[in-house]
Amino acid sequence: MEWDLLIVGAGPTGLACAIAAAQHGLRAVVIEKGCLVNSIFNYPTNMVFFTTSELLEIGGIPFPSALAKPTRLEALAYYRRAARHFDLDVRQYEKVESIAARQPERHGFQVTTSAGTYQAAAVVIATGYYDLPNTLGIPGEDLPHVFHYFREAHPFAGQRVTIIGGKNFAVETALDLYRHGARVTLVHRRAELGASIKYWVKPDIENRLKAGGIAARFSTQVREILPGKVRLTGPEGESEMAADFVFALTGYHPDFDFLRRAGVALDAQQRPVCDPASYETNVPGLYLGGVVVAGRNTSEIFIENGRFHGEVIVAHRLAQRAALDLV
């Protein structure tokens with residue numbers, strides 16, 4: 001069997017691509033190495049979205065929320081419901097290993113996964129960025145008490161916790177840990193916190209810093225992580241600070257190696273080459289969807305705008321098929 005569209009990644013953008021395909025009569029399959037909306041599942045347990053629920057909707061399915069800002073649990077339930085409503089063919093816990101363009105006379109792609117091989121006329125890579133953290137490249141970063149993700153605060157009550165970073169994820173993690181009894185210190189390489197911090201979080205963290213409930217080391221970098229402590233370089237020179245646990249929350253990036261293996265070219269800023277009008281890459285028939293389009297500039301694309309990429313991609317595929325039928 002040949003699929004009209006094979007979609008790599010079952011996040012909101014991947015699901016939206018599959019819904020758009022189904023609505024236009026295209027046979028689509030979604031391959032996901034984890035669970036449905038795997039990145040959202042791995043968000044902090046008590047996370048609240050920055051945006052309102054209607055801006056997270058896909059396929060015209062209403063997203064009810066008890067509060068103005070939906071929670072992670074509400075989002076998981078919503079995307080499960082959307083996938084069921086459209087009876088999407090989502091192959092979970094199946095990893096895509098390679099995407100190879102077939103011979104020119106055949107067109108399309110052969111996609112090899114951990115479960116087998118697929119033939120597809122076109123492929124969409126909608127893998128997001130949350131699987132790969134931006135590492136610091138410092139000694140001790142791979143120690144067992146160092147984390148690049150945060151789920152919940154309870155295990156760290158009463159512990160000395162260093163958080164590296166100064167944007168939303170780092171700040172929200174610091175507040176959650178503080179409210180569950182951890183002794184928290186933020187270490188940020190810049191002189192102040194990130195400007196994009198959520199408007200309702202900003203006064204909260206500022207008040208905690210002023211009151212001393214959360215400590216902060218600004219214009220400071222962690223140079224080494226050791227069992228029970230970190231070594232810092234800051235305005236006062238070299239120093240050490242006790243740390244039972246370390247959260248290096250310095251952002252994430254797409255899987256550039258996977259894109260390169262599929263033949264996608266990257267520019268000097270590691271932004272994948274694709275047509276902004278169709279999201280087709282330099283490989284004909286191979287598309288990008290969602291935040292992966294922006295490369296390392298992950299703040300450019302969110303669920304709110306990435307959810308529309310599927311409609312653009314499907315429209316382009318339909319136009320190409322119509323053109324071929326006229327030949």
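**Helix contact, cores and a buried valine**

In α4, the residues Val171, Leu175, Tyr178 and Arg179 meet Asp204, Ile205 and Arg208 of α5. By type, the residues of this contact divide into four nonpolar, no polar and three charged. The structure is a predicted model.

- Helix α4 spans residues 168–179 and helix α5 spans residues 202–211; their axes come within 10 Å and cross at roughly 55 degrees.
- This angle makes α4 oblique to α5, because angles from 65 to 115 degrees would count as roughly perpendicular and those under 35 as roughly parallel.
- The crossing of α4 past α5 is left-handed.

**The nonpolar cores**
- The largest nonpolar core has 90 residues, and Tyr79, Ile99, Val123, Ile163 and Leu177 are those with the most contacts inside it.
- Helix α1 (residues 12–23) gives the largest share of this core, seven residues.
- Another core, of twelve residues, lies apart from it and includes Val146, Ile164, Val222 and Leu232.
- Beyond its neighbours within four places in sequence, tyrosine 79 is in contact with Pro12, Leu15, Leu36, Val37, Ile40, Leu56, Ile58 and Ile303.

**Valine 264**
- Valine 264 sits in the loop between α6 (256–261) and β17 (286–288).
- Its relative accessible area is 3%, so valine 264 is buried; the cut-off for buried is under 20%.
- Leaving out neighbours within four places in sequence, valine 264 touches Leu259, Pro272, Val273, Thr281, Asn282, Val283 and Leu286.
- Arginine 208 is 56 residues away from valine 264 along the chain, and their C-alpha atoms are separated by 45 Å.

Technical notes. Residues numbered from 1 in each chain as written. Predicted model: local features only at pLDDT ≥ 70, side-chain atom pairs only at ≥ 80, totals over all residues. Heavy atoms only, no water. Axes fitted to C-alpha atoms, helices over the stretch in contact; angles between N-to-C directions. Helix = DSSP H or I, 4+ residues; strand = E, 2+ residues; numbered from the N terminus. Parallel < 35°, antiparallel > 145°, perpendicular 65-115°, else oblique. Left-handed = near helix turned anticlockwise from the far one by under 90°. Contact = heavy atoms within 4.5 Å. Nonpolar A, V, L, I, M, F, W, Y, C, P; charged D, E, K, R; others polar. Buried < 20%, exposed > 50% of the residue type's maximum accessible area, 1.4 Å probe, protein only. Core = buried A, V, L, I, M, F, W, Y, C linked by side-chain atoms within 4.5 Å.
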